[in-house]
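Hi there,

Here is the structure I promised to pass on to you. Have a look at it first, and then read on for my notes.

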Amino acid sequence: MSTTTEIEVVDLSLTPLRELNQRLHDLAGADGPRSWRITNPSGAHNIACGLDADIDVVVEGHAGYYCAGMNKQARVRITGTAGQGVAENMMSGRVTVDGNASQAAGATAHGGLLHVRGDASSRCGISLKGAAIVVEGSIGHMSAFMAQTGTIVVCGDAGDALGDSMYEAHIYVRGAVAGLGADCIEKELRDVHRAELGGLLAEAGVAGVDVADFKRYGSARNLYTFKIDNTY
Amino acid sequence: MNPASNPALRESHLFDRRTIAEIQRAAAEGIYDIRGFGAKRHVPHFDDLLFLGASVSRYPLEGYRERCGTEVTLGARHARQPIELKIPITIAGMSFGALSGPAKEALGRAASEVGTSTTTGDGGMTPEERGHSKHLVYQLLPSRYGMNPDDLRRADAIEVVVGQGAKPGGGGMLLGHKISDRVARMRDLPMGIDQRSACRHPDWTGPDDLEIKIQELREITDWQVPIYVKVGATRTYYDVQLAVKAGADVVVVDGMQGGTAATQDVFIEHVGIPTLPAIPLAVQALKELGMHRKVQLIVSGGIRSGADVAKAMALGADAVSIGVAALIALGDNAPEHDEGYRAIGSAAGYYDDYQAGRDPSGISTQDPELAARFDPVKGGRRLANYLRVLTLEAQTLARACGKSHLHNLEPEDLVALTIEAAAMARVPLAGTNWIPGQGSF
């Protein structure tokens with residue numbers, strides 16, 4: 001496989017999105033440029049979704065909905081803000097947002113790391129299925145709703161109804177939590193959790209944050225067996 | 001004394017024995033009734049329509065030699081590879097989890113044998129199912145259990161499920177005893193817990209978002225496969241128009257009689273509109289957009305016979321979909337399992353506790369011993385036979401109306417037996433030219 005160090009530049013003001021995504025998809029199991037710069041994204045939706053190649057993609061500017069959706073292997077970095085559902089259903093690889101992320105960041109993601117340097121809006125990590133999400137800022141309401149497995153690390157605050165109806169995902173919040181959702185409780189932060197948290201912060205490259213400042217939240221598991229008293 | 005032997009005893013119409021039993025059950029258990037199957041109440045349906053066979057003014061086709069086409073192409077609006085089916089009767093989405101692995105395999109075997117499609121369900125795609133299905137529709141559901149881009153690219157079509165007829169506006173529930181190790185792994189859940197499926201998609205809200213979501217699915221699959229949008233029948237006219245606007249290649253409308261694996265009885269019986277009125281609403285929506293026959297309409301919810309198929313198509317559907325009927329053809333509710341059904345408080349012909357996982361026929365279960373009772377080859381053959389019969393019956397009716405293709409059936413071929421059906425189906429009451437709600441009496 002080619003290991004060229006040359007950077008392929010695609011200007012989205014000149015190249016149709018379909019052509020860009022097709023070129024990126026064609027790299028699955030094939031030779032081609034391993035490093036890409038996407039210029040003038042101008043908030044376009046569905047940039048670099050469905051990738052399945054060990055490549056680096058930098059989106060220089062703001063991305064619309066579902067950037068890097070269902071990503072596998074690729075490392076995608078958005079230098080601006082990301083619209084709804086960034087890295088939704090990601091399987092592996094890494095997605096970095098230098099700015100803020102809109103709603104449903106990392107929704108249903110199965111694997112890989114989503115790193116948001118700014119804030120993430122509501123429903124961050126909704127229905128999470130195994131991926132790791134590290135947010136340096138704060139997250140909005142209803143985040144980690146029905147989160148199944150995986151980890152969400154929030155260095156700032158969390159909005160209302162955190163972890164509503166969640167399953168076995170791990171949530172770590174450093175700042176204030178506006179409110180916990182149904183069946184979400186604060187849990188003891190044990191060594192195994194400190195190790196997990198420290199490891200993720202290191203992997204994301206977040207420095208100057210003490211794991212001891214975080215609180216852990218998880219499922220009370222009262223909704224695991226359906227009973228009528230659980231209706232709210 | 002046997003009540004039947006005393007003619008002086010009068011059963012209440014309002015509080016009949018079933019109603020009394022349900023009040024007693026609710027009082028004892030304190031929880032609503034959850035069950036599978038579809039609506040059991042009577043609603044206006046295809047039985048209330050009749051075909052006007054050819055006579056002096058129309059010319060029929062010979063039943064035994066003149067061609068009556070049944071093939072249908074789905075999804076040519078945007079997809080590079082539309083689905084080409086030999087018959088317009090598809091298999092609806094039913095999950096691995098709700099159904100056993102062998103039952104899913106049988107659905108695939110039957111569909112492939114007769115040249116139609118089958119559909120995954122809320123639990124992801126299994127290799128058995130993919131392997132045995134020539135045309136496999138992969139559902140994108142709110143829960144996204146098992147959703148992954150590899151299966152997405154392996155699919156022949158993608159169905160964005162907004163709702164289903166049994167429970168428009170409702171999510172799902174798979175009770176813990178059906179969450180086997182394999183089901184749990186596929187859904188990224190702990191074993192043995194009661195699993196809830198969300199009623200809303202996690203990453204889009206409303207028709208404008210849906211349009212972008214559909215574009216994402218197209219981009220991921222390089223615009224190769226058709227994208228369906230499935231809705232439970234409620235505000236069908238608006239839902240269909242919005243689905244088309246959002247870019248759907250195919251719209252699936254599931255009437256309130258459509259089945260489910262596990263839903264509250266009150267939801268099944270009291271939410272949504274019947275299949276009969278949903279079809280003209282959907283067709284009107286498509287026609288006003290100039291998209292009838294360009295965006296295909298698949299109708300489901302209570303399809304049992306070739307007559308139902310033909311009537312749905314005469315009202316404007318491009319194809320139909322079956323769920324409960326397919327399970328029955330596989331062997332669900334079969335008399336040979338009557339003893340087993342009675343042992344769990346039901347009887348052959350009545351069984352609807354698909355959620356319980358104790359299905360004596362081995363179809364709606366994850367219990368390996370029960371599942372082993374079901375032979376996917378034999379079950380698949382029975383379902384293939386049934387699909388052939390549906391097709392032959394629909395062709396028989398179409399030929400009688402002088403149609404050389406099922407798609408040539410039209411509302412003009414139909415009359416209604418009741419005022420309700422005439423109003424809902426928008427065809428005249430038999431013996432009159434009166435369509436209630438249209439023109440003057």
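A word on burial before anything else: a residue counts as buried if 20 or more other C-beta atoms lie within 10 Å of its own. By that cut-off, 56% of the 232 residues of chain A are buried. Please keep in mind that this is a predicted model. The predictor gives the complex an ipTM of 0.96 and a pTM of 0.96, and chain B has an average pLDDT of 95, with 99% of its residues scoring at least 70.

Let me stay with chain A for a moment. Two helices and eleven strands make up its list of elements, and from the N terminus they come in the order β-α-β-β-β-β-β-β-β-β-β-α-β. Along the principal axes, its C-alpha atoms fill a box of roughly 55 × 40 × 30 Å. Among contacts in chain A with a separation of 6 or more, 26% join residues 24 or more positions apart.

Next, the place where the chains meet. Here 24 residues of chain B are in contact with 37 residues of chain A. On chain B's side, helix α6 (residues 206-220) supplies the largest share, five residues. That side of chain B divides into twelve nonpolar, four polar and eight charged residues.

The largest nonpolar core has 203 residues, and B:Ala248, B:Val251 and B:Ala282 touch the most other members. Helix α9 (residues 275-288) of chain B gives the most to this core, eight residues. Leaving aside residues up to four places away in sequence, B:Val251 touches B:Val229, B:Val240, B:Ala243, B:Val244, B:Ala282, B:Val295 and B:Leu297. As a general point, nonpolar side chains tend to be buried together in soluble globular proteins.

Beyond residues up to four places away in sequence, B:Ala39 touches B:Met256, B:Gln257, B:Ile268 and B:Glu269. Its C-alpha is 9.6 Å from that of B:Pro274, 235 residues apart along the chain.

Last, helix α14 (residues 376-400) of chain B: its 25 residues reach 36 Å from first C-alpha to last, close to the 36 Å expected at 1.5 Å a residue. After α14(B) comes B:Gly402, with a positive phi near 80°.

Happy browsing!

Definitions and conventions
Residues numbered from 1 in each chain as written. Chains lettered and ligands numbered in written order. Contact = placed C-beta atoms within 7 Å. Helix = DSSP H or I, 4+ residues; strand = E, 2+ residues; numbered from the N terminus. Nonpolar A, V, L, I, M, F, W, Y, C, P; charged D, E, K, R; others polar. Expected span 1.5 Å × (residues − 1). pLDDT = per-residue confidence, 0-100. Core = buried A, V, L, I, M, F, W, Y, C linked by C-beta atoms within 7 Å. Buried ≥ 20, exposed ≤ 12 C-beta atoms within 10 Å, placed from the backbone.
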